[in-house]
Amino acid sequence: KYFNNLEEYEKFLSKNNLLIGNAKKIAITGQMADATNLIEKLEKENYIVYPILSFTKNLSFIKQIKPDAVINMAHGRMGDAVVNYLKENNILLFCPLSINDLVENWENDPMGMSGGFLSQSVVTPEIDGGICTYSVFSQYEDNDGFRFSFGVPERTEKFVNIINNYFKLKEKDNSDKKVSIVYYKGAGQSGLTAAGLEFIPYLYNFLLKLKDEGYNLNGLPPTLKGFEEDILKKGKVFGTYAEGAFYEQLKDCSPEIINRIYYNGWVEDAMRPEVYKTVVDKYGEFPGTYLDIEDNIALPRIIYGNVSLMPQLPAGIGDNSFTIVHGVDVPPPHPYIASYLWARYDFKADALIHFGTHGSLEFTPQKQVALCSKDWPDILIGDIPHFYV
């Protein structure tokens, strides 16, 4: 069915019990794939969905709808007029990706997206303020060999969970928000710098600003020196070759102890069995041989109220820290995985922030853009709102 005006469409919604009183409204524009299962999933979450199929009336319809969010499926920009309206009204703009290939080809492609598709689908929407360039749609082939683009079921479900979590983050009081911050630090006493960035005062100023905005940072030291001492004592990173130093200093770190039962439950929820098998094949069963203590993993972390700080652990095992940080063609070890899953499942972060010039998550094996459910950044971040400062 097609409707030429908002009134007709909302009558249709009302007749079908889809016009819910105070429900949030989501407009879907630029439909380059079949959005049916995305619309169904959004409606099951009690959103009122407005699929717009007109380019010329796009802005007019958006202004009439007054949506809480826009999902733009098209390549390229929406135009300054649309962007200005969204900005003035603080409306979230999600830009999911449509993959121009069969699902199985895309999942096994180490690149994911490149060239013109990358610039049109990821770079240009970000100019509009689009967030969450997350792969949702890909191609399926029918019995006659024709290809059609649909929402991949597990990707569609995860994408809707992401939307839910962004709305929760927008509405939750700052004092109740839980934030997990991952920072890059070299092993041992290495300074917290990357490309010349003086990290400790940078992060401390950010935490002070969060506190000023009403976030709960109980226990944050009142001075920069005190904060630096906390980082160097409790937030240290042990080289994978420094087993003796690790055991000797463990008592001073107050680490988070992760046991096998919790870890296995998180892993089962977060990743496909065949992906986790690559970890076990490389490092053995939990806890592996790094940061292991009495059949557990000891994770360095600091907690101030509702904010946790975690040093990013080595994404591989070995003594060449530069290579490990900038990309090894092996899955990350158990402690690296456990740190992200702890932030999601145990600390229950509402948002995750990578803080610094860069880290190692984007250098893990396989794709770095247009990720699928077999790629480590996608697996470890999950459906948490993610900010990379």
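Cys 95 counts as buried in this predicted model, because its relative accessibility is 3%, and a residue is called buried when that value is under 20%. The structure holds zero disulfides, and Cys 95 is accordingly in no disulfide, with the sulfur of Cys 132 as the nearest cysteine sulfur.

**Cysteines**
- The sulfur of Cys 132 has its closest cysteine sulfur in Cys 95, at 9.2 Å, and this is too far for a bond, because a disulfide requires a pair of cysteine sulfur atoms within 2.5 Å.

- Gly 30 lies in the loop that runs between strand β1, residues 25-29, and helix α2, residues 36-44.
- With a relative accessibility of 28%, Gly 30 counts as partly exposed, because this class covers the values between the limits of 20% and 50%.
- If residues up to four places away in sequence are left aside, Gly 30 touches Ile 52, Asn 72, Met 73 and Ala 74.
- Gly 30 and Ile 71 are 41 residues apart along the chain, while their C-alpha atoms are separated by 8.5 Å.

**A nonpolar surface patch**
- Tyr 140, Phe 146, Phe 148 and Phe 150 make a nonpolar surface patch of about 390 Å².
- Tyr 140, one of the residues of this patch, lies in strand β6, which spans residues 135-141.
- The relative accessible area of Tyr 140 is 32%, so this residue is partly exposed.

Key. Residues are numbered from 1 along each chain as its sequence is written. This is a predicted model: local features need pLDDT of at least 70, side-chain atom pairs count only at pLDDT 80 or more; totals for chains, interfaces and linings use all residues. Side-chain values use heavy atoms; hydrogens and water are left out. Helices (H or I, at least four residues) and strands (E, at least two) are DSSP runs, numbered from the N terminus. Buried means under 20% relative accessible area, exposed over 50%, partly exposed in between (1.4 Å probe, protein chains only). Contact means heavy atoms within 4.5 Å. Patches are made of residues with over 30% relative accessible area and no salt bridge: like charges are joined within 9 Å, nonpolar side chains (Val, Leu, Ile, Met, Phe, Trp, Tyr) within 5 Å. Accessible areas come from the Shrake-Rupley method with a 1.4 Å probe; for residues, only the protein chains shown count as cover. A salt bridge is a side-chain nitrogen of Lys or Arg within 4 Å of a carboxyl oxygen of Asp or Glu.
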